[in-house]
Amino acid sequence: MSFKTIIEPFKIKSVEPIKVTTEVERKNYLVNAFFNPFLLQADHVMIDFLTDSGTSAMSAAQWAGVMLGDEAYAGSRSWLHMERVVKALTHCEYILPTHQGRAAERILYSHLGGKGKTFISNTHFDTTRANIEFSGAEAIDIPIKESKIPSFDYPFKGNLDVEKLEKLIVEQGAKNVAAVILTVTNNSGGGQPVSLANAKAVSAICRKHRVLLILDCCRVAENAYFIKHREEEFSKLSYYEIAQEMFKLCDGAVMSAKKDALVNMGGFLALKDKTLADACKSLLIITEGFATYGGLSGRDMEAIAIGLQEVFEPDYLKYRIRSVTYLGEKMHQLGVPLMLPIGGHAVYVDARAMYPHIPVEEYPGQTLVCDLYHYGGIRAVEVGSVMFGKYDDDKKLIPAPNDLVRLAIPRRVYTQSHIEYVIEVFQKILNEKEKSKGFYIIEEPLFLRHFTAKFERVE
Ligand code: F0G
């Protein structure tokens, strides 16, 4: 018989203490951080769900790899190992190491972008959009319409709207479309998967119009899990083979290795075209480092090579996706309004629905991240009008389509009892939520304001 409980498929060899704080202490810490969890000290956080990026626990094999890292400036053995692993997975001939995902994005999108160019994606992640807009180009999101309603359950809510894609390419003129970027899973769209059928359709349109297709593959293993279990046609393929099928459809990929390569730092750019790769390589050498290390140490590259293989292990992926789903299902049962179905790396709460008494202009997502910290010492991130809001000419807020809060679960870090605690904290927040208030911004930068903006509570 099979048991209901899915155990963590690892034992813990090394532990990191968590400082248990009181509600009174947290109240002060939150004031000192201007109600922005990004400005909190990590030591004051008990459960850190700010991001799943760079927060994985590495395996014993990866740590052993760290000791074997070859720190040679050129032609390092660890680079050759990483290059071999990435090439086999991506089917790309040209691999450029970078210190993290956004460095790969900056190199590729600054080269392809510029004024008059358009990029089209299921949803551009914030650093992706920022890099594109910084080059002077435009970034257009065309997720499928099913993705717009948080509570609507649909198996591949990360899909890109192929009808709109073809229309947009024709409208803009194919030569002005710098690239189509398929982000798997669709992080800003709720960590929702993209189906292989959708990727194939997108690829066919891109090939027809000779538009470059780039895979943002930082969660490609998690995406493969959903394909295997939700897309009957591909259920016989391994997770690794499913990922390979995705790469075959694309002209290249950017990866933040800090997610599905199970490391704390790293990334790469993978390309099939030599001319494009050569141009990017020059930028890499000018700004990141020589072509055989990018911004990485040999030990980082060794850990990436190992992690990128471990992530496709079936027991790991099953535990990973099921444990995130478990948290989501329990919250759903409590009545927390969620983005459904539960995504791969995170649970997304619909804060606008959770606090109907807080107007969108007062950032209900910020209220939830502050409540989570105040009541439970839990850190999460707002993915709504703080992150994506803009102002019109009269400085009036143009809100984001949704006000979500993301609880991103680090890989192999927290145990079942941590998760049970989070569920209890949500019960407390639900009980007290009528008392919660909105926020206004007192200071903000021009780009990526959510990282450093300062807030004050509406009284
Ligand atoms: N693309 C996607 C889809 C991402 O989720 C991220 C990072 C990046 C690119 C950039 O990679 O951080 O290595 O430079 N996402 C993190 C997050 C920060 O919390 O979701 P990076």
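Which of the 17 residues around the ligand come nearest? In this predicted model, where local features need pLDDT of at least 70, side-chain atom pairs count only at pLDDT 80 or more, and totals for chains, interfaces and linings use all residues, they are T51, D216, S256, K259 and R406, a residue being near a molecule if one of its heavy atoms lies within 4 Å of it. Residues are numbered from 1 along each chain as its sequence is written, and side-chain values use heavy atoms, with hydrogens and water left out.

The shell around the ligand divides into two nonpolar, eight polar and seven charged residues; here Ala, Val, Leu, Ile, Met, Phe, Trp, Tyr, Cys and Pro count as nonpolar, Asp, Glu, Lys and Arg as charged, and the others, Gly among them, as polar. Helix α4 (residues 101-112) gives the most to this shell, with three residues, where helices (H or I, at least four residues) and strands (E, at least two) are DSSP runs numbered from the N terminus.

An N or O atom in the side chain of R102 is 2.7 Å from an oxygen atom of the ligand, and a polar side-chain atom of R219 lies 3.0 Å from a ligand oxygen atom. Of the 470 Å² of accessible area that the ligand has on its own, the protein covers 94%, by the Shrake-Rupley method with a 1.4 Å probe.

At the level of the whole chain, the domain assignment, which is automatic or from a database, gives domain 1 (23-52 + 313-457) and domain 2 (60-310). Their C-alpha centres lie 26 Å apart, and 31 residues of domain 1 are in contact with 32 residues of domain 2, contact meaning heavy atoms within 4.5 Å. The area buried between the two domains is about 2700 Å², of which carbon and sulfur atoms give 58%; buried area is the accessible area (1.4 Å probe) that two parts lose on being put together, summed over both. In domain 1, L317, M339 and P341 lose the most area to domain 2, together 20% of what that side buries.

P341 also deserves a look for its backbone: the peptide bond from L340 to P341 is cis, with omega near -10°, and P341 is placed in the loop between α12 (314-334) and β9 (346-350). Another cis peptide bond joins V184 and T185, with omega about -20°, and T185 lies in the loop between β5 (177-183) and α7 (196-209).

Notes: Polar contact = N/O pair within 3.5 Å; in protein donor to acceptor, adjacent residues only side chain to side chain.
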